Amino acid sequence: MISTDTEVVFDTRRQSRAPGREVSLVFGTKAETLERLTSLVRCCSIPEVLHFTVEEWRQDPGPVVARIQSRFPAGHLAVRSSACREDSASESFAGAFRSVLNVTVSDEAQVMKAVDEVIASYRSPHPRNQVLIQPMLEHVVMSGVIMTHDLTNGAPYYILNYDDESGRTDVITGGTDVSKSLVVHRDAPADFVESPRIAALLSMAKELESFCGGRTPLDIEFAQTADGCVHLLQVRRIAVQRNWNRAVRTRLSEALEQVEQFFQETSRPKPGVPGETTILGQMPDWNPAELIGAEPGPLATSLFRHLISDSVWQEARASMGYRPVLDEPLMVTLAGRPYIDVRNSFASFLPNGLPRSIENAVVNAWIQRLAEHPEFHDKVEFEVAQTAFDFAFEHNLFTRYAGILDPASHRNYVDAVRRLTAENLDPGLDGSLSRALRRIDILQAEPESSPLPETPLRRAFTLLTSCRQYGTRAFATVARHAFIAEALLHSAIQRNVWGPDRLEAFKRSLVTPASLMAADFAEVATGEASKGGFLRRYGHLRPGTFDILSPRYDQREELFRDSVVETARGPRQEGAPFTLSPAEHEGFSRLMRESGLPGDPDRLFAYAARAITGREHVKFIFTRPLSDAIESIAEWGEHIGLTREDLAFLTLSDLSDTLTSPVTRDRETHFQELAQSRRTQAREMRGLRLGYIIRGAQDLYVIPQHRGAANFVTSKRLEGIPVRISNRMTGTADLFGRLVCIECADPGFDWIFTKGIAGLITKFGGANSHMTIRCAELGIPAAIGVGETLFDRLASANRVELRCGEKIVRPVTGTP
């Protein structure tokens, strides 16, 4: 018997497994547990185990070394910790003690040094602490860790983190290099797990659970070798389980059942909407995960729906000649998380007036391509849906979708997209772009011409009505024009008329509200302009545009601290206007003649400049009434005793109902209870794992973590220290020379460009995200939309390497 510091007594008796007999594992030290399991396991192998106590080693290390060399006569060893306190039910001490790998067994001095290092890591060693010796595995093709429940809340998932690239066994436990993650619901049908190697790992985990009665959450370390064998390196109880809410499994299982049912209903064919099924994704259109966050509060969600995703999104496209998608929302929510209904989105990208057979064929082909290539989820308009007639349209249509249309339907579809594009290139006053820009002029002038209601809540809804009518619809239209322009310019790269560096140079030549703000900020920093004047123009901006918890610029006392004037001014203060070279001009002329699009290169670039700068201008204008409306809601809440945290969990419908039907009890109590109920529900639903794209029920049960293909800006390379910031931060952060990591690419984060940052990394965002555009303007290296898994590793690393030209971003040193 071994007595430990934790009042747990471990049974050291060897156990044998009789056929058909249940076995109950008695946990001991790391070494003892592995030793006991050796004769029990059937779904994995355990490398040979030798262990000894610190007391034995201190009495005389010679015989111990001889024993080691006798047991393992050649090769390399892993010398590992196996302390009495380690891996107990209450404390794991994971990573607290030393392990030494690749120790040459024939080198006695090296073996002794490795053992001494492990023992020294115990600090105040118990004489019965142990050292575990095992042979090093060779030809490792995958290694990692499996948690049989979510470590944070006990949610019923197998969480697999693994490395199948380095050939090492310590990548995941050591926090180095790039890992992959997979989440599998404990009730996932076996046929949902398509990978044989993942299925083998789950079989091992379930077998180990069976030795513990199926009720003990486990932390399992494993490796797989080239022969396909799975090797168990360690198993211990998850120590934090005492903090879990045991009812969470039932509630999450019920929620998952409802989400699955909702998805099945949403996926059925819809009258009036082309496409046999749908996909749900967080980023394919309008990027709600970027704009309102992956887990927004109810107020932010309802604002986004009201202003954009309920109907404005398709009204704007219909006004440009795209197909209307009436009475269909663009966004749905699953357990509070926003997802785009891809079928509705794709339907709205078709030219209006196509025969239904063509609509169905095209939408089905687009959905199938996205289902086969989920990595395109944040760049569907470049890789999946062809929404404008660019210079590579017919080539891409043939290479991606050959045979989906008969010859006559093919001509009909191509001609329809060409006509739609040509009509939208119209620079005249009656053109779609001109009309949209006139609408935003009305909104810009409205504060001076239209008095607002005095009561805060009515004022908020008046502002939102104007924002919707003149702001977000105009923005949706101008943003679509900007995409058409971007598609044409990018396709010219594909046709070898110019290169990415020249496209970047063109964008840097454009003057946008963001670049003007940087120049104005620089004048404040140098004393040439007043802070008050700056805040009157830009004070409404907030990093979380729809988030009541995100402070505005005029609420940030630290805004002007530690400013870097040269970065704030930006490169355009020095540059000459952009001009095409003669060869580029001729190349664009040829492309326009071949495509049958009207105008010449000068007209095309004038359109592109107007659309791209217009998009930023309209965004800047419509965010003012939205921001003011949010502040009016906060004022109303404060008046009746509600905090911003309370208000974040209410919806616009909750608030608007009070304008027509009064609450019949104390308003503060009524809304606080409503907010608290939703806050509790949101906290519980955080345990529900949902992926960034859902193609079927299988994606609800087997969930790869987002490892998206990032969008890189510039061709620069650098190595630097990352710093993570959020849209709710109000304190001063030292950003100078740092690689700034933010989750979303919201325009309200423009203030970071005044702090002398070295580069930018975002979790969400696409090729047309605001921060992509802004970094291109300023020549700042960036990796936009790296995905959940990689973002978390980069943001917590000691140093990060960013090599944009080679499309590489990775941690140089691991997490601290």
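Reader: Where do Phe534 and Tyr538 lie?
Author: Both are in helix α20, residues 531–538, four residues apart, or about one turn of the helix. Helices here are DSSP runs of H or I with at least four residues, strands are E runs of at least two, and both are numbered from the N terminus. This is a predicted model, where local features need pLDDT of at least 70, side-chain atom pairs count only at pLDDT 80 or more, and totals for chains, interfaces and linings use all residues. Residues are numbered from 1 along each chain as its sequence is written, and side-chain values use heavy atoms, with hydrogens and water left out.

Reader: Why is the pair of Phe534 and Tyr538 called tilted?
Author: Their ring centres are 4.7 Å apart and the planes sit at 40 degrees, so the pair counts as tilted. Rings of Phe, Tyr and Trp (its six-membered ring) pair if their centres lie within 6.5 Å; planes under 30 degrees apart are stacked, over 60 edge-to-face, and the rest tilted.

Reader: Is Phe534 buried or exposed? And Tyr538, buried or exposed?
Author: Phe534 is buried, at 4% relative accessible area, and Tyr538 is buried too, at 2%. Buried means under 20% relative accessible area, exposed over 50%, and partly exposed in between, with a 1.4 Å probe and protein chains only.

Reader: How many aromatic pairs does a search of the whole structure find?
Author: It finds 23. One of them is Phe97 with Tyr122, edge-to-face at 5.2 Å centre to centre and 85 degrees between the planes. That pair links distant parts of the chain, 25 residues apart: Phe97 is in the loop between β4 (76–82) and β5 (100–104), Tyr122 in the loop between α4 (108–120) and β6 (130–135). Both Phe97 and Tyr122 are buried.

Reader: Which residues do ring pairs link into a cluster?
Author: Phe391, Trp498, Phe506, Phe578, Phe588 and Phe605.

Reader: New topic: which residues have the most contacts inside the largest nonpolar core?
Author: Trp498, Phe506, Phe588 and Ile752, in a core of 115 residues. Helix α23 (residues 601–640) gives the largest share, 18 residues. A nonpolar core is a set of buried Ala, Val, Leu, Ile, Met, Phe, Trp, Tyr and Cys residues joined through side-chain atoms within 4.5 Å.

Reader: What does Ile752 touch?
Author: Leaving out residues up to four places away in sequence, Ile752 touches Ile725, Leu735, Val740, Ile757, Leu760 and Met771; contact means heavy atoms within 4.5 Å. A second, separate core has 62 residues, including Tyr158 and Leu690.
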